[in-house]
Each structure stands twice: as structure tokens, then as C-alpha cells.
Amino acid sequence: MDWNDDGWPDLIVANDIGGGRLRVYENMEGRSFKRVTTYDEHLWEGGWMGIQSGDLDGDRYDEVLVANLGSQVMSIRNTALLVDNGKENHVQALVVINYPLEKSNIHHALLSFKPGRGLENVTSQTTIHHSSIIPPDMVYEKNFSPHYKELHKKSNFKNSLNGLEFSWGPAVFDVENDGDLDIYLAGSISRGNDNFLGDWSGSPGRMLINESQPGSFLFADKTLEYRLLDVTDMEYTTHPPTTCSRHGLA
């Protein structure tokens, strides 16, 4: 993508295992690439997954959305956060352990180009109207790891993109044919939980309908309304939808 709007396609690379670094390169008029050193900071170490770009706020400049481990790694269920001896953890768990120390990043990243300023991180300022029926666990402070409660408010888990769970990667497309780009974040079956790696990959996937304006990012979670839960025998004809009654669930 041409993230700086100079007519030359640039390059962004998402690295994963063991605290991979997000790398951003600027195209030097077709002769070479220059690494943007802003992204050498610890903030950009994470478990980065897929990348997608598109003009999400209608200002004619493309944004970049990069998937990451997601909010549920800070769950009260994640016992990897409680292990004192780092040798007992998998290298991937170090991203989670380092996050409260501000030495890594677990959140999906939304980067927006600002003329004269370059790419800016607008993740915490991106408002998400979460589903009232299937909100992410980490929207609620009571589900957050008790050792790091202050991070819940500081990083705006309740109302921003930071509250969303793991995703393999985003797709950006105009679901409603209304002229703006919506987002689908592909989810994952849960990794489970153990001291070695921790609880980090569970997610139903999220369909985010775009309600943004230039310079202001706002999305509404409509996963349920669009019938996108990958659950066998899900019954969508009731409100709120329920699982199939033959399983004894209502």
C-alpha cells in the first residue's frame, strides 16, 4: 500500500512468533526501501497476524489494520500471567507477560496516515459499539487479570478496538454497498489454557459495520445480526438468537 500517498507503494510486514516486530518500510522512489524506525520500539513487538488496508474514514487516505493476539490474553483465566519463572513459559507467552510492562503489544493495530505526520496509531481512539449479547469478555473489568486492573481503563478495553479478541486477520469490504468499508476479523477456536502458553486464541470472529467519519473511527459489532457465528446448530430465528433447543440450551 502507498501509506504516505507519494505515489510509490510501501511495505508493511507482520512478524509473529516470540515477540515478532511489526516492520514498516517506505519506498524510496523505486530505488530501495527505508525502514521507519518508529516501529523499532518495544510497543510494536507482538504476535502479529494478517494485514489489510483501505480508506476506513473516507478521507482519501488508506488506513492499515493489523491483527494481533487480542484482549483475552489479559483474562483472569490466563494462568501464564501468574508464572514467575520465565523458563516455565513458551516464548510466545512472553508477549503476554511483557505487555503490562509496556514492552510488547497484544492489541490489533489501526494505523492512519496524517499528512505531514506519517502513520499514527489510532487504535485506542477507535470506538467499537460492542454487541450487547455477545460482547468480548475483556469489555468487563471483572474478567480482567486482577494483577493488572489499571490497564483496563488506561488502554480503553471497554470502548475501543483494544477490547477485541484474537484474529487470524482482517478482511475489508463494503458489506452494505453504502460506500464505506466494513471489517471482518476472522476468529479462532480457543488454544485452551496452561501455564506454558496461556489462554490467548479464543474468538468468535467479529463483523464490524463502519460508522466512521473523516478523522473519527467508529464501528458497530453486528456479528450476530449478520449470522456469522461459526457454531453448529446455531438458531438465529429467535431474538436474541439461541443455540438449538435439542441440545437443551435456551
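Two strands are taken to pair if DSSP finds at least two bridges between them, strands being DSSP runs of E with at least two residues and helices runs of H or I with at least four, numbered from the N terminus. The structure is a predicted model, in which local features need pLDDT of at least 70 and side-chain atom pairs count only at pLDDT 80 or more, whereas totals for chains, interfaces and linings use all residues. Residues are numbered from 1 along each chain as its sequence is written, and side-chain values use heavy atoms, with hydrogens and water left out.

By these criteria, strand 6 (residues 51-54) pairs with strand 7 in the antiparallel sense over four bridges, and Ile51 has Val66 of strand 7 as its bridge partner. Strand 7 is also joined by four bridges to strand 8 (residues 109-114), again in an antiparallel arrangement, with Val66 standing opposite Ala109 of strand 8. Strand 7 (residues 63-66) is covered on both faces, since Glu63 and Leu65 on one side and Val64 and Val66 on the other are all buried, where buried denotes under 20% relative accessible area, exposed over 50%, and partly exposed the range in between (1.4 Å probe, protein chains only).

In soluble globular proteins, nonpolar side chains tend to be buried together. A nonpolar core is here a set of buried Ala, Val, Leu, Ile, Met, Phe, Trp, Tyr and Cys residues joined through side-chain atoms within 4.5 Å. The largest such core has 15 residues, of which Leu22, Tyr39, Leu111 and Leu119 touch the most other members. Strand 7 and strand 8 each supply at least two residues of this core, and strand 8 gives the most, with three residues. A second, separate core of 13 residues includes Leu161, Leu164, Ile183 and Leu208.

His108, found in the loop between helix 1 (93-98) and strand 8, counts as buried because its relative accessibility is 1%. With contact defined as heavy atoms within 4.5 Å, and with neighbours within four places in sequence left aside, His108 is in contact with residues including Val66, Ala67, Asn68, Leu161, Leu164 and Leu185. His108 and Gly46, 62 residues apart in sequence, are 9.5 Å apart in space from C-alpha to C-alpha.

Positive phi values in residues other than glycine occur at Arg60, near 80°, and at Asn177, near 50°. Arg60 lies in the loop between strand 6 and strand 7 and counts as exposed at 65% relative accessibility; Asn177 lies in the loop between strand 11 (169-173) and strand 12 (182-186) and is exposed, with a relative accessible area of 69%.

Pockets were located on a 1 Å grid over the protein atoms alone, a pocket being an open set of points where a 1.4 Å probe fits, with protein on both sides within 12 Å along at least five of seven lines, and lining residues having an atom within 4 Å of a point. Grid points are joined across faces, edges and corners, and a volume is the space filled by probe spheres set on the points. The largest pocket has a volume of about 320 Å³; of the 16 residues that line this pocket, Leu43, Tyr99, Asn105, His107 and Ser155 are the closest to its centre. With Ala, Val, Leu, Ile, Met, Phe, Trp, Tyr, Cys and Pro counted as nonpolar, Asp, Glu, Lys and Arg as charged, and the others, Gly among them, as polar, this lining divides into four nonpolar, ten polar and two charged residues. The second largest pocket has a volume of about 270 Å³, and its lining has eleven nonpolar, four polar and one charged residues.
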